[in-house]
Amino acid sequence: LKQFARTIGPDNHLQLFRDAVHWVLVGSRRDALDALKLGFGTDSPMGPLATTLMHHFSDQERAAIVSGNENVTSEALGNLLTPIYPEAPVEGVVLRELQHNFSLLQIVIASEHFRPHLRSFLKFITSRDSLLTDRDEKIRVEFDSEMKPGQLPVAKTCFRQLFLPTRPLDSEADLADKLMICAKFSSSFGMK
């Protein structure tokens, strides 16, 4: 708690309180919260102090504390993307074209223009709008020879898979438009 031993004034008292409470509720209980986010029970309940402190947060802040890191960055999302290239040659598929499509995806994710859509795009792929806590859990970017370049990307949330076409994509702007459509219309299970 030494990090919160700053001078308290009228301009920063609420932020310092939130920082300290966030550390108590999240920082000190990261393993238990990670287990909860993954859908498993835990033997380390947050206790009465945490319940009392949670009332000082807005609904959005409480959701962020329980659900995970609300700060979805281009870099963090980009680090989760793992291309899955065919191990053996596939007729009509050129590895260079797959690499081109994956490179375009990385460029779009890293762009300033796409930044407001990162959280929704993550939800499109994983059904959650917070970053994954397990650093070993990657988003598999696979390539589908049945998809046409003009078709929207497809995601399988249960397996954290994103499918792009094997044929070369037209442009960065075209892919960005398609990914924004996916982000905009992602809402929950059962929605396409």
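**The sheet and the chain**

Mentor: In this predicted model, four strands form an open sheet with mixed pairing, in the order β1-β2-β4-β3.

Trainee: What makes β1 and β3 the edge strands?
Mentor: Each of them, β1 (81-83) and β3 (154-156), pairs on one side only. Neighbouring strands of the sheet are turned by 30° against each other on average, direction ignored.

Trainee: How do you know that β1 and β2 pair, and in which sense?
Mentor: Two strands pair if at least two bridges are found between them. β1 and β2 (residues 139-144) have three bridges, in the parallel sense, so they count as paired.

Trainee: Which residue of β2 is the bridge partner of L81?
Mentor: The partner of L81 is I139.

Trainee: How many helices and strands does the protein chain have, and in what order do they run?
Mentor: There are eight helices and four strands. From the N terminus on, the order is α-α-α-α-α-β-α-α-β-β-β-α.

Trainee: What makes a residue count as buried, and what share of the protein chain is buried?
Mentor: Buried means under 20% relative accessible area. Of the 192 residues in the protein chain, 34% are buried.

Trainee: What share of the contacts with a separation of 6 or more joins residues 24 or more positions apart?
Mentor: In the protein chain that share is 60%. A contact here means heavy atoms within 4.5 Å.

Notes: Residues numbered from 1 in each chain as written. Predicted model: local features only at pLDDT ≥ 70, side-chain atom pairs only at ≥ 80, totals over all residues. Heavy atoms only, no water. Helix = DSSP H or I, 4+ residues; strand = E, 2+ residues; numbered from the N terminus. Axes fitted to C-alpha atoms, helices over the stretch in contact; angles between N-to-C directions. Buried < 20%, exposed > 50% of the residue type's maximum accessible area, 1.4 Å probe, protein only.
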